[in-house]
Amino acid sequence: MTSEIIFSVSIDSEKISLFKAALEKFSPDFDATITQVSLEHLELEDEDEEHTSDNKALICSYLSELFAEFGMSANLCGYEYLKEAICLVLKNPRYLHGNVTSTLYPEIAIMFETKPANVERSMRHAIGTVFERGNYELLLQVFKNTISESTGKPTNSGFMARISELVKKDVLSSKSESDNSDE
């Protein structure tokens, strides 16, 4: 009988080796193949920590206001997952150009100690709920072409891509303009 255990952890190589050794000690016939996936290559390296935390605070504030205007309830898990995902997408747009199921959702799942499938479902639920009960006129203005005719809402990726564009236009471009005027 073969069993497969899949889990996501954010730990270093030494801890992974210790974990594998403990499993092998527990069951001598245990055969482990451990794949360590590093998402570090997706991080941008040119921003200092203070600049990044300032931007993140501005972005989080902007997203909270925007989501409130949409009518998205802050008590939904997908609300926080979407905010974090959009911050990651802003740091590196490649998250949306690949398979979000294997890159973005696992990264968010690690942050919130949950499963990638829960992240995807919660985001989909938050988007669906706001498109059913939220400020539909504003949503139509913002999402225009990204709304599916069959579902009446954008995909998770489409939602995050469009919001990322808004953040770049409304927050980051105005921040860089004010930074330039300070010099």
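What follows is a dialogue about how terms are applied to this predicted model.

Visitor: What should be known about the model before reading it?

Guide: It is predicted, with local features needing pLDDT of at least 70, side-chain atom pairs counting only at pLDDT 80 or more, and totals for chains, interfaces and linings using all residues. Residues are numbered from 1 along each chain as its sequence is written, and side-chain values use heavy atoms, with hydrogens and water left out.

Visitor: How confident is the predictor, and where is confidence lowest and highest?

Guide: pLDDT is the predictor's confidence in each residue, from 0 to 100. The chain averages 80, and 66% of the residues score at least 70. Helix α1 (residues 13-26) is lowest at a mean of 60, while helix α6 (residues 116-133) is highest at 97. Over residues 34-51 pLDDT stays under 50. Where pLDDT is low, the predicted coordinates should not be read in detail.

Visitor: Why is T129 called buried?

Guide: Buried means under 20% relative accessible area, exposed over 50%, and partly exposed in between (1.4 Å probe, protein chains only). T129 has 13% relative accessibility, so T129 counts as buried. This residue is found in helix α6.

Visitor: Which residues does T129 touch?

Guide: With contact meaning heavy atoms within 4.5 Å, T129 touches L76 and G134, leaving aside residues up to four places away in sequence.

Visitor: Is C87 buried or exposed?

Guide: C87 has a relative accessible area of 8%, so C87 is buried. C77 has 47%, so C77 is partly exposed.

Visitor: What puts the buried residues of α7 on the same side?

Guide: In α7 (residues 136-143), L138, L139, V142 and F143 are buried. They cover an arc of only 110° around the axis, so they lie on the same side of α7. The arc is that of the directions from the helix axis to the C-beta atoms.

Visitor: Which residues are exposed on the other side of α7?

Guide: E137 and Q141 are exposed there. Just after α7, K144 takes a positive phi of about 25°.

Key. Helices (H or I, at least four residues) and strands (E, at least two) are DSSP runs, numbered from the N terminus.
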